Amino acid sequence: MTGSYRIGVIRGDGTGPEVVGEGLKVLEAVREGFDVELVDFDLGADRYLRTGDVLPDAELERLAACDAIFLGAVGDPRVKPGILERELLLKIRFQLDQWVNLRPVVRYPGVQTLVPSHSEDDVNLVVVRENSEGLYSGAGGFHRKGTEHEVAVQESINTRHGVERIVRYAFELAVSPARRGKLTLVHKTNVLTFAGDLYQRVVDELAPEYPAVETDYVHVDAACIYFLDSPSRFDVIVTDNMFGDIITDLGAMIQGGMGIAAGGNINPDGVSMFEPIGGTAPSETGKGTINPLAAIGALEMLLRQLGETAAADRVDRGIRAATQQMKSMRAGEMGFTTGEVGDLVVEGAA
């Protein structure tokens with residue numbers, strides 16, 4: 001017995017419950033030597049439409065008492081954009097201080113991508129995105145709203161504390177056995193001369209503490225080109241909240257699509273939340289056509305964060321075995337349903 005864990009489960013909206021179900025199926029298959037208590041949370045569009053509540057303080061306290069959180073997806077066309085995203089997702093991230101957004105970009109065997117010339121070795125990087133500051137901090141406001149002279153201000157907040165801890169996290173990841181010892185700062189220092197300067201100075205000041213790590217800098221627009229042209233130049237990327245949000249979607253496309261893109265919102269000393277980074281796909285709800293591999297990959301990240309490496313390795317083997325048997329990564333094509341893809345992962349993890 002290596003542990004006993006309380007895992008909060010937010011199945012969410014649209015196809016979220018379907019992919020979470022497949023992830024939990026895989027969890028049960030790989031769970032050996034530790035116990036899991038699943039704690040379901042009624043959070044998302046249905047609750048909001050039923051009660052007007054998004055995330056009451058009592059529910060936030062219950063989430064904080066978990067060892068980790070497994071999230072499906074949040075978003076519904078019946079709810080005005082921004083309500084669930086800011087009052088649920090961002091509130092959890094900020095209140096639980098999940099200051100690292102971690103996004104592996106990995107190409108699995110047999111996966112077709114938009115750039116077929118890329119090999120598995122070419123696409124093997126991880127983006128460390130600052131997750132608590134920047135443009136997403138909510139600072140700003142309107143002046144003369146609704147008039148012809150309206151002014152909208154959205155401020156990017158970057159603190160030395162926040163920047164230093166995310167850069168140090170990225171350096172520590174770069175020296176880990178799983179990585180290749182290279183750290184690239186992605187920003188726009190030639191235009192964002194205050195925030196960019198802070199990030200660059202922190203990288204330069206911390207670099208002597210990590211002599212085994214090669215450091216590099218790339219403008220964010222150039223990084224988008226390199227993702228398509230030569231992704232192998234990247235190992236660990238560190239970047240701010242907004243730029244990280246954008247480039248990780250491009251990262252998903254070079255690894256095979258949103259259906260396999262997993263992410264984690266991490267508090268290294270607290271409760272972390274793991275999720276597929278795609279949307280809820282409400283039009284596909286109940287059809288069995290959604291690829292669950294992103295959610296299963298998020299489960300793998302959750303297990304690694306808990307220290308259950310053997311179980312996480314089995315999930316990874318299961319995903320790789322499943323992709324080798326699938327000619328398309330879109331569940332529903334070539335006869336693969338959501339549940340069948342989950343079954344392939346279970347078989348491969350055995």
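Predicted model: local features only at pLDDT ≥ 70, side-chain atom pairs only at ≥ 80, totals over all residues.
Residues are numbered from 1 along each chain as its sequence is written, and side-chain values use heavy atoms, with hydrogens and water left out.

Let's start with the sheet. It is open and mixed, with 10 strands in the order β2-β1-β3-β12-β11-β4-β5-β10-β8-β9. Strands here are DSSP runs of E with at least two residues, helices are runs of H or I with at least four, and both are numbered from the N terminus; two strands pair if DSSP finds at least two bridges between them. At the edges sit β2 (34-40) and β9 (214-219), each pairing on one side only. On average, neighbouring strands are turned by 25 degrees against each other, direction ignored; axes are lines fitted to C-alpha atoms, for helices over the stretch in contact, and angles run from 0 to 180 degrees between N-to-C directions.

Now zoom in on β1 (residues 3-12) and β3 (residues 68-73): they run parallel, joined by 5 bridges. There, V9 stands opposite F70 in β3.

What packs on the sheet? Helix α5 (residues 160-174) does, touching strands including β4 (100-106) and β5 (124-130); contact means heavy atoms within 4.5 Å. The direction of α5 makes about 165 degrees with that of β5. Helix α9 (residues 293-306) packs on the sheet too, and its direction makes about 160 degrees with that of β12 (272-276).
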